[in-house]
Amino acid sequence: MKTRKLGNGLEVSALGLGCMGMTGVYGPATDKSAMIKLIRDAHDRGVTFFDTAEAYGPFTNEALVGEALQPIRDKVVIATKFGFDIDLETGARSGGTNSRPQHIKAVAEAALNRLKTDHIDLFYQHRVDQNVPIEDVAGAVKELIAEGKVKHFGLSEAGVQTIRRAHAVQPLTAVQSEYSLFWRGPEAELLPALEELGIGFVPFSPLGAGFLTGQITQDTKFEAGDFRNMVPRFSPEARKANLALVDIIKGVADRKAATPAQVALAWLLAQEPWIVPIPGTTKLNRLEENLGAIDLDLTAADLAEINAEASKIEVQGERLPEAVLKMTGH
């Protein structure tokens, strides 16, 4: 398995595994024992970077990841997140954010317990809290790092100025945001800032929540609990227009004897050496397919073709529901 370095020298597998979907979000939760096996299968195939969060469930995803990785804890990097207003006893959500320093520390203690570990490798603020100065957030994580309970600090969906302010208090190892051929927003300001500051980038939804795999059509029906039912970009009308982007990827995939998912991930990996995507899956064959992207060589001509053709397409629909977009730190 090829490895990559995020900020502050944190070395991880070139692709990580996003575990969110293993406990719901894209429809019903899957069998726990099967997901434990899948996480361990991922490690057997070289994956060392696993992504979870207290909000996934809440709590059930961290517990799953902790149980799965406990036998190999010293061989993996676990990333989890704080920042939503979730009752640590009941799991009840207010719907808002909470990054008050005392809450961050309480979340860390609870996460350590669920993850069956004495340290969190990478602790992200899940969403920026407009009511708490980012300096206070960074200061709280800095204290957790001094105590040995956290190794590295990250931010998710944060704007460039927020990143700069946090980084000045406690150097950031990684920033996580959506990035793929389906959403290229980070290219304008975020990626140049991360390069300047030496911070790694961890794209979530690197396959556009499945759209770039070529498995979703205008007529696909998502299950009742599937998050994509609420996403404007996944309305039937938007999907119809956006399939033109998938056609570009399919053309390259056919020529390369690869799959659309592999091309989409290889394109991301080719953008910068400090980018580590975290595609999620609940199926071993998809995990193996995704890992095949690491060895797929897209030439400069391939990349130029993809960029030239993609630039002609304006993706239709917002990437998230309006209420969720308001919580991003931009």
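How many bridges join strand 10 (residues 172-178) to strand 11? Select both strands and count: there are five, and the two strands run parallel. Strands here are DSSP runs of E with at least two residues, helices are runs of H or I with at least four, and both are numbered from the N terminus.

Before you go on, a word about what you're looking at. This is a predicted model, in which local features need pLDDT of at least 70 and side-chain atom pairs count only at pLDDT 80 or more, while totals for chains, interfaces and linings use all residues. Residues are numbered from 1 along each chain as its sequence is written, and side-chain values use heavy atoms, with hydrogens and water left out.

**Stop 1: the sheet**

Stay with strand 10 and color glutamine 176. Opposite this residue, in strand 11, stands valine 202. Now look to strand 9 (residues 150-156), which pairs with strand 10 in the parallel sense over four bridges. There, serine 156 has glutamine 176 as its bridge partner. Two strands count as paired if DSSP finds at least two bridges between them.

Is strand 10 enclosed or open to the outside? Seven of its seven residues are buried, so strand 10 is largely enclosed by the rest of the structure. Buried means under 20% relative accessible area, exposed means over 50%, and partly exposed is in between (1.4 Å probe, protein chains only).

**Stop 2: helix 9**

Next, select residues 284-291, which make up helix 9. Leu287, Glu289, Asn290 and Leu291 are buried here. What do these buried residues pack against? Show strand 3 (17-18), helix 1 (32-44) and helix 8 (260-271), and you have their packing partners. A contact means heavy atoms within 4.5 Å.

**Stop 3**

Most residues other than glycine have a negative phi, and most peptide bonds are trans. Keep that in mind for the next selections.

Go to the loop between strand 4 (49-51) and helix 2 (60-69), where proline 58 lies. The peptide bond joining glycine 57 and proline 58 is cis, with omega about -5 degrees. Phenylalanine 59 sits in the loop between strand 4 and helix 2 too. Its phi is positive, near 80 degrees, in a residue other than glycine. Phenylalanine 59 counts as buried, at 13% relative accessibility.

Now jump to lysine 116, in the loop between helix 3 (101-114) and strand 8 (120-125). Lysine 116 is not a glycine, yet has a positive phi of about 55 degrees. This lysine is partly exposed, with a relative accessible area of 41%.

**Last stop: the whole chain**

Show everything. The protein chain has 11 helices and 11 strands in total. Its radius of gyration is 19 Å, close to the 20 Å that the globule rule gives for 330 residues, so the chain is as compact as a globular protein of that length. That radius is taken over C-alpha atoms, and the rule is 2.2 Å times the number of residues to the power 0.38.

Of the 330 residues in the chain, 55% are buried. And among contacts between residues at least 6 apart in sequence, 75% join residues at least 24 apart.
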